[in-house]
Amino acid sequence: MFLENYGFLIVAIVQQALLGMSLWYPLMAGQLSLASIGFYSLGGYIAAIMGTSPAFAAWREALGPALYPVEWLIALAASVLLGLAVGIPALRLRGIYLALATIAFVQVLNVVVLVLDVTGGAVGLFGIPQPFESRLGYLWFFGPLLAVMLLFSARLTRTVAGRSFMAIREDELAAQAMGIPTTFEKVRAFVIGCGLAGVVGAMSAPFLNTWNARQSSFDASVACLAYVLIGGARSVWGPLLGAALLVALPEVLRPLKDARLIMNGIVLVVACIYLPQGIAGLLASLRRREAA
Amino acid sequence: MSQTILQLDGVSRAFGGLMAVGDVSFSVQAGEIFGLIGPNGAGKTTLFNLVSGITPVSAGRVSFLGRDILGLAPHKVAGMGMARTFQNIRLFAGMSVLDNVRAPMQAFSRTGFLQDLIGLPASRAQEAQILASAMELLTLVGLDAKARAAASSLPYGERRRLEIARALALRPRLLLLDEPAAGLNLAEKAELSDFIRDLRSRFDLTVLIIEHHVPLVMGLCDRLAVLNFGRLICQGRPEEVRCDKSVIDAYLGDSHAAPRT
Amino acid sequence: MNFVFLLQSFINGLSIGSVYAIFALGYTLVFSILGIINFAHGAVFTLGAYCTYALAVGDFGLNGLLAGMSLPFRLPFPLALLGGSLLAGGIGVLVERLAFRPLRAKGADPLLALVSSLGVALILVNCLQFLVGAEIYSFPSGIFGSLPPAMVFKMDGKVLAVRTVQIIILVVSLAMLLALAWFMNRTRMGKALQATAENPETASLLGINVDRYILSTFFISGALGGLSGTLIGASFGLAGPYFGVSYGLKGLAVIVLGGLGSIPGAVLGGLVIGLGEAFLPPDYSSMKEAVAFVMLFVILLARPQGLLGRQTIQKV
């Protein structure tokens, strides 16, 4: 019963957590990139087109259920390539300038998908075939991906590349002086995020059944950023904690109807002021206090 | 036959109308401890930035290990074997002491990104080696007990030592130290002096050091260059330089202050 | 090319560009004094428009808490515009109190201030939705009194239309810019604001009450936002509580193009983007929204300090 009622919620949390994670990797290298949502949109359109367009009917026939992993791989490849094309020039920028460049990229992408016929214009694409009967079934997609990415993140912090990312985050100039090729590493962190966002998009298109430019609105970008910051940008669990709170909250507050979105805004402001290290940071400091 | 590690020819750097460094030429020989002294604002740190590639040169040439390094990105210069510390200590504050020292060792990694992530045997072996090397360096500077502590939690003197350990992690041929003795008391300065000499012989290093404290520099350095208003006014062995009139003039204020420290 | 088309595009571009400029000045003032971008500016833009609408038209529609209610009075448009802008200024001050002041007191990372302002924007816009619903409101055509809605000229057999609202926009924008220039350069307060923007520590040492000037800056910034929101609302209607989001983002393109922190830059940037959008060939009109952001991306790669900004040197 619980699962029936809350299945959608659980899957939504996992899916949003993955989106948050796509922001987490560039942030690990100190780069504030709001581009992930653009790649999420790209991945979703790829899956939507492959799922609905007559041009791919033969593929759908031939592959059957194997269509989905193929969609994910193509979305991954496209995201990595586009990520390199955007990242290599953009990552020479620092701080707010990089953030603005990524915002600009997503806005342009939104206009492009509105204009093209293949993406269905303003209406978007709908009727995307669904591999699962219930929402909860999508946990078979998102669940393993989340597990893999959590493992990936944990391993990353213990590798050579991970230490380079963190050094760049701490002090980019000193990192350069210590021999770290900062542009290369920043692009690597960025592309990891883009690739993940693309795959999540490809998995999400059937989940949401329709796909349009609203998936990559500025509000959606802000939501991803919020998950990471509120959950804790320095912790591997950050995006999941943040997504759990921010996705569940409007549901819990359902009786308040329209006012619940106001709640999201309030949570964001309060978290910035009182929880700068996020929930994960708070938990970590509580644990330290207990140990002392 | 002594090898020239670093060579500067007519190096200048202007910021708008201000000539921060003007037509400076000198060379540093292998195994030397070479001191760069001069009053505040003389352009010493700017010179470090020019040599390490952080600030582009307005005129002149710099060659390191016989290679022209003008226009080379800072990380490439570092990769050639030049490591430095900073006047204002720029540690990776949020990372652990151990990770600060391990970070530069990425330059020697022979395994790929995916290999490291999966944890293949070659990567594991390399990580073990990195850990061992880093702990050795930390033991050398007396910070091995604090390996897991956050770098930001260290007191001032230990932060300076950590910065040096981090620079050594790059296995440099040339070590640039920017005022490493700032904020240390007389006893600590003497310790540092011995330490630098020890590093020189242990790691077959050449050292270029900016220092304010004249007695330390006189005792430690094989040769000196004196900068004033961005220009090189004198260079040579400490005994030669200390008697030079232009140097005494430049230091008129400081040489009176020295006995009090 | 067709002369009439060019002239029409020029008028359209000048008009919309001047609104972009006024709006962007709100960002610029806050950036020059605090060094951060106030992401709640777009929300203040929206609220200002709705406030003016409330004062001038006063009837609320079918949704939201205020459904069916109306104000007991109506103001003529110029007064409503003034009132709406002043209210928006007040909201700007509220934004400063809620989003920025607590973080400044803690010396927090500027990134947090950015996200905090995004949170306040969410609160403001959703409060608005809660109060008046999401339907579209338009200023009625008689709002400008006895003035005709547009002046129409026939040239070379083609039609040139200059809407009254466009003329009002140009007049108001010019007046605003002159007023701002006079204020910044001729009044004590304006010069103190510039000093505080230049160097807050020195300014406070000189006896300038930095907090008070930050408040004033947010008030002026909010008023400019509300004013520009109203002008857009009068031109195109109030298309729901989220109509300010795209302008908010476009404003970012304006200030980066002109140079972050530069007042003439904001004006130049606004005009360049306005004219750029207006001169887009009709075949590409669906790409209009992309113009500002393509320009933003290009200027960031080619010349990040913007057209009129100063190049900053990194200190080691």
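I began with the pair A and B: the contact takes 21 residues from chain A and 26 residues from chain B. Two residues are in contact here if their C-beta atoms, placed from the backbone, lie within 7 Å. On the side of chain A that touches chain B, helix 6 (139-156), helix 7 (160-170) and helix 8 (172-177) of chain A each supply at least two residues. Helices are DSSP runs (H or I, at least four residues), numbered from the N terminus. Helix 7 of chain A has the largest share of that side, 7 residues. I sorted the side by class and got 12 nonpolar, 5 polar and 4 charged residues. Ala, Val, Leu, Ile, Met, Phe, Trp, Tyr, Cys and Pro count as nonpolar, Asp, Glu, Lys and Arg as charged, and the others, Gly among them, as polar.

I noted that this is a predicted model, where local features need pLDDT of at least 70, side-chain atom pairs count only at pLDDT 80 or more, and totals for chains, interfaces and linings use all residues. Residues are numbered from 1 along each chain as its sequence is written, and chains are lettered from A and ligands numbered from 1 in the order in which they are written.

Next I took the pair A and C, where 32 residues come from chain A and 37 residues from chain C. Helix 5 (95-115), helix 10 (218-231) and helix 12 (259-274) of chain A give two or more residues each to the side of chain A that touches chain C. Helix 5 of chain A gives the most, 11 residues. That side has 28 nonpolar, 3 polar and 1 charged residues.

Last, I looked up C:A239, in the loop between helix 8 (210-236) and helix 9 (244-258) of chain C.
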